[in-house]
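Subject: A structure to look through

Dear colleague,

Please find below the structure that I promised to pass on, together with its sequence.

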Amino acid sequence: MTEQLRLLGMGMAVPDKVMANEDFEKIVDTSDAWIRERTGIRERRFIGEGSLTELAAEASRKAIARAGIAPEEIGLVICATATPERAVPATACMLQKKLRIPAGTPAFDINAACTGFIYAMAAAQAMLPAIRGKYALLIGAEEVSKILDMADRGTCVLFGDGAGAAVAGVTGKPGTRVRIFADGDEEALSCGGYGGEDRHLRMDGRKVFRFAVSRLEGEIRALEEETGIPVSGIDYVICHQANARILDHVRRKFGLPEEKLYVNLDRYGNTSAASIPIALAEMAERRMLAPGKRAFAVGFGAGLTWGSCYLEF
Ligand code: UT7
């Protein structure tokens, strides 16, 4: 039986620079109405000045403070990012010194695109011996703006930058595993990505949309089965924030009342691996995650990757 991880403190940070839909009307052939109707996004943040590592550090400091622990008590640092400031050293290592986490603490990055934070949870759960008696610092941080093709209206309006972080502890209670999956077949690879010869992010929106809807549905059903709790008995479903229409589909499919499905993509767009921890941090700030509250978190993204976990606060 797996031991349950518990998220004890959350933090988030987004850049100051707001990019409203109207700003894109000056750059590509698009409109505020199209973006709002087809995606639900009103604005997003772009890192102008400043760095992703600084943003991740700010989110982490808040998470550590809210967990009420000292940086010395952190036994593991995992940063999920597909857009690190530098490829090497890892963002997690760059954060270590900034946050005064003791030398010798294992720290590494994970790239599972938008599913990154769920992958970080799974890695932490698999590395419990490193955390026992201590805590794990899990971060999702992205600067997607730097890989956007600002001439491609099909992608440039969708994404934003940001960072979210959580301090996780071991409860000692038996729990369910964090579910992570990937499928890198040719069809999946053609759905999107960046790097290699093309430095810009490319995405087949329609394909990813269909994939997202089917995986979200599948993961919620799988979590119901693994936890024995029907989604109707769960307080919140926290999905990767990619498109309001995807979230609406999930809401309708499971008959969820609006307050159960957290939505913030209207303000941040799709922040990839940062989207779930940013949502968690906002929910915590709004006092939605009181002790005893239960949530399903579900992510999906390029790779293709997907995954989910049950959270108990
Ligand atoms: O985190 C990774 C996961 N990513 C996702 O989950 C993304 C999932 N996919 C989506 O969110 C949607 O597919 C998009 C928002 C990307 C696109 O929405 P859609 O309703 O699937 O639009 P579409 O791609 O079918 O395009 C419809 C039309 C096209 O014009 P024509 O060919 O019908 O004349 C596009 O060229 O909308 C056009 N279009 C735009 N028009 C105005 C595409 N982007 C824009 C735009 N402004 N920004």
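**The ligand and its surroundings**

In this predicted model, an oxygen atom of the ligand lies 2.9 Å from an N or O atom in the side chain of His240, which is a polar contact in the sense used here (a pair of N or O atoms within 3.5 Å). An oxygen atom of the ligand is likewise 2.7 Å from an N or O atom in the side chain of Asn243, and for the side chain of Arg245 the corresponding distance is 2.9 Å. Taken alone, the ligand exposes 950 Å², of which the protein buries 74%; these areas come from the Shrake-Rupley method with a 1.4 Å probe. There are 22 residues around the ligand, and Thr30, Arg38, Arg206, Asn243 and Asn270 come nearest, where a residue is counted if one of its heavy atoms lies within 4 Å of the ligand.

Before you read on, please keep in mind that residues are numbered from 1 along each chain as its sequence is written, and that side-chain values use heavy atoms, with hydrogens and water left out. Because the model is predicted, local features need pLDDT of at least 70 and side-chain atom pairs count only at pLDDT 80 or more, whereas totals for chains, interfaces and linings use all residues.

**The sheet of five strands**

Helices (H or I, at least four residues) and strands (E, at least two) are DSSP runs numbered from the N terminus, and two strands pair if DSSP finds at least two bridges between them. Five strands form an open sheet with mixed pairing, in the order 1-7-6-4-5. Strand 1 (2–13) and strand 5 (107–110) stand at its edges with a single partner strand each, so one side of each has no neighbour in the sheet. From one strand to the next, the twist averages 25° (axes are lines fitted to C-alpha atoms, for helices over the stretch in contact, and angles run from 0 to 180 degrees between N-to-C directions).

Strand 4 (residues 74–80) runs parallel to strand 5 and is joined to it by four bridges, with Ala80 opposite Ile110 in strand 5. Helix 4 (residues 91–98) packs on this sheet, where it touches strand 4, strand 5 and strand 6, contact meaning heavy atoms within 4.5 Å.

Four bridges join strand 8 to strand 13 (residues 305–312), and the two run antiparallel, with Ala182 opposite Thr305.

Notes
Polar contact = N/O pair within 3.5 Å; in protein donor to acceptor, adjacent residues only side chain to side chain.
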